[in-house]
Amino acid sequence: MSDKSITPQGGPTDDIVLAEGVDEEPVERNRRTFAGTSGIILATLATVYASFHMLALNGVSLSSMTGIELPFLPQFPLETWNFRIVHIAGALALGFLLFAAHIFPSEDEDAKTSPRIISLAAALLLIPALISAFTTIGYFNLINSDTLPQMGGLTTWAAFPGTDIYISEVRWFGIPLLVATFGGIILGWFERRERTAFAFSDIVLAVCAIVVAAYLVAIYGTAARNSVGTTFVPIGVAFAATAGSAMIMELTRRVAGLALVIITGIFLLYTFTAHLMPGILAVTNAYTWQRFFGHVYSDAGILGPTTAVSSTYIILFIIFAAFLQASKVGDYFVNFAFAAAGRARGGPAKVAIFASGLMGMINGTSAGNVVATGSLTIPLMKKVGYHKKTAGAIEAAASTGGQIMPPIMGAGAFIMAEITGIPYTEIAIAAIIPAVLYFVSIYFMVDFEAAKLGMRGMREDELPKFNKLVRQIYLFIPIIILIVALFMGYSVIRAGTLATVAAAVVSWLTPNRMGLRSILRAFELAGIMSIQIIAVCACAGIIVGVISLTGVGARFSALLLDLAGVSQLLALFFAMCIAILLGMGMPTTAAYAVAASVVAPGLVQLGIPLLTAHFFVFYFAVLSAITPPVALASYAAAGISGSNPMETSVASFKIGIAAFIVPFMFFYSSAILMEGAWLIVLKAAVTAIFGVFLLSAGVQGWFFGARAAWFMRVGIVLAALFMISGGLTTDLIGVAMFAGLYFVQKVLKPAPDAQIAVKGLD
């Protein structure tokens, strides 16, 4: 890293460091800031949680290493469902302890605490929670006692109405658990404690999360697991799933806002009213509470594809990102971008494209990336002349593009691989040209805007020294190792592990050397950083469970087929609208997971290849972050730039306009996804990039060094659409139109405000 700094007066010292701390996680206003003993407790829990995943994913067991059977420690590899159950429970427990149900006042506001009676009532809820916990321990002992009948090599769990087990599950497990869970959630909204202290209601919820996991691990180890999704599922599973779903939705509200929770609530309401619905929404028979919640906490719902990915690939790459953060590689990315592109006109905006793309690829959340890098790039964009709404829009569009940038692509690529069965490396390769098109289009939009406004770049004395940063190019080694390992055939988990180790090793070549304390700190950061995405994935799993039980996704597919009978383009447009609507207000991962269940099967039935169909849905789920009226990335950028959120979202939509056309290109030309001969792929890429250039020129009204008249802009956009479609005939038409427009612009030179005279109409 460069060791320059800027003095408070603005004068340069020996070296300039523009980026410092850009990869540090922002502290949300409802996050507790522990100190002392409570801080040590939470840090320990987060460290253990993240390192548990790293050990489990690589098959490392302390007992197997030492040869000593250590009590209460898991043996790896864990059974799949058990691993996912523990994964969710750990995130819930950590999340409730760390994130309050309410926003803490700012430093200039008076802190408020609730009456002691509320905290006392919350503390009393520990009684029913512990009753459920002791009952669960009793079930463990009973199942391991070899006194229960066996069936097919599995212990039976005869929890039928009227049996002692059934009565116990209702009276001593289920009812106390629901009382503690819903009581903890409700009291959590009212209990106010210091930001440095645990709330009793949150401790109750953390205990309930562990109880739910312990019960499910015990019962799913018996033959009762085979009854999941049927009316014969044990009543205790339904109780545990109800409590677990409620806690997942509450934690999602705390860490990701209300949008996803409201959508999940609508799906849950639909489940129990579907038999009353008309048309394609109707089902024949009503679903009982026991059957639905016995179904939702299985691999058809919460424990399904979304949690499968969050418990493996996502958390592994969060650990990787935490190690990069500990070694300050994120700062280096941004400084390198400034050194490379800062001198160009509108330099900070081009830096935002490069740096936000790199950072967004790793951290997996558009809005989070805006907050991290935008705090630096947005003020600098405003400084060189960009309007505040444009500065925010550029950062939002660039950060969103990180979700489609291979090789990591946020988390969407891993979920796509899990759902489709297509190897991850194929997905990463297919994403290359669309990602290039996206970022090239943003670059052109930014450059033409800078040209129109006559902006300058940043001065030499305002930038880090490029030659010094080049000598630290080795900081890219962890990402290079990741890419090389993936394409050498290593598994994603092994490649991610190697890249993580490389990040620690490379740090020894910098002033930020990672010793044992830094490594433990990185695991602690990873544990905290993973809470939001795990909650979101689990919440999306509830929606997936509704879709799989009710079959509503298949009925939407039938509707798409009916529309395709009229026009395939109309069916694709309808699918685009559904994907964007589902994604509004939802994190990308959840938006894609839900849209993939509702929309993608219908596109496949239209005859669209599996990869193309899922990429189509994925892109629009990603673009929902910059699509008005609910655009999370744009809203986050507006908060930093000080602009109007709606104006910023409209501006970011305009800047990313080419990306809304790219998915339709998949449909017309699969070569864009690297399918076909190299010559065809190369031709498709070149013509598409040229089309994106023309589209950007038309939208911005800047064509070869001058402002373009309105009729010229219309012609440029039409030429762009011909170039983008991918066919030989349309390409030739586009080139011919471009040649004519170029001649008009350079030879006839129409004034920017020129009008076309129309005579004889009077």
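**A kinked helix and its surroundings**

Helix α11 has a kink of about 40°, centred on S311; the bend at a residue is the angle between axes fitted to the seven residues ending there and the seven starting there. The model is predicted, so local features need pLDDT of at least 70 and side-chain atom pairs count only at pLDDT 80 or more, while totals for chains, interfaces and linings use all residues. Residues are numbered from 1 along each chain as its sequence is written, and side-chain values use heavy atoms, with hydrogens and water left out.

Helix α11 covers residues 305-326, which makes 22 residues. Helices here are DSSP runs (H or I, at least four residues), numbered from the N terminus. From first C-alpha to last, α11 reaches 30 Å, close to the 32 Å expected at 1.5 Å a residue; the expected span is 1.5 Å times one less than the number of residues. Of the 22 residues of α11, 20 are buried, so the helix is largely enclosed by the rest of the structure. Buried means under 20% relative accessible area, with a 1.4 Å probe and protein chains only; exposed means over 50%, and partly exposed is in between. Just after α11, K328 takes a positive phi of about 65°.

Aromatic contacts come next. The whole structure holds 38 aromatic pairs, where rings of Phe, Tyr and Trp (its six-membered ring) pair if their centres lie within 6.5 Å, and planes under 30 degrees apart count as stacked, over 60 as edge-to-face and the rest as tilted. One of them joins F323 and F523: the ring centres are 5.5 Å apart and the planes stand at 85°, so this pair is edge-to-face. F323 belongs to α11 and F523 to helix α22 (residues 516-550), so the pair ties together parts that are 200 residues apart in sequence.

An α-helix has 3.6 residues a turn, so residues three or four places apart point the same way. F615 is buried at 0% relative accessibility, and Y619 is buried at 1%.

Ring pairs also link Y443, F444, F448, F690, F693, F703, F704, F738 and Y742 into a cluster. Elsewhere, R225 lies over the face of W81, at 3.9 Å from the ring centre; a charge sits over a ring if NZ of Lys or CZ of Arg is within 6 Å of the ring centre and within 35 degrees of the ring normal.

The structure has zero disulfides, a disulfide being a pair of cysteine sulfur atoms within 2.5 Å. For C537, the closest cysteine sulfur is that of C539, 10 Å away and too far for a bond. C537 is buried at 1% relative accessibility, and C539 is buried at 0%.

Two buried serines complete the picture. S530 is found in α22 and has a relative accessible area of 0%. S530 touches Y49, I315 and I318, not counting residues up to four places away in sequence; contact means heavy atoms within 4.5 Å. S624, in the loop between α27 and α28 (632-641), is buried at 1% relative accessibility. With residues up to four places away in sequence again not counted, S624 touches I580, G583, M584, V630 and A631.
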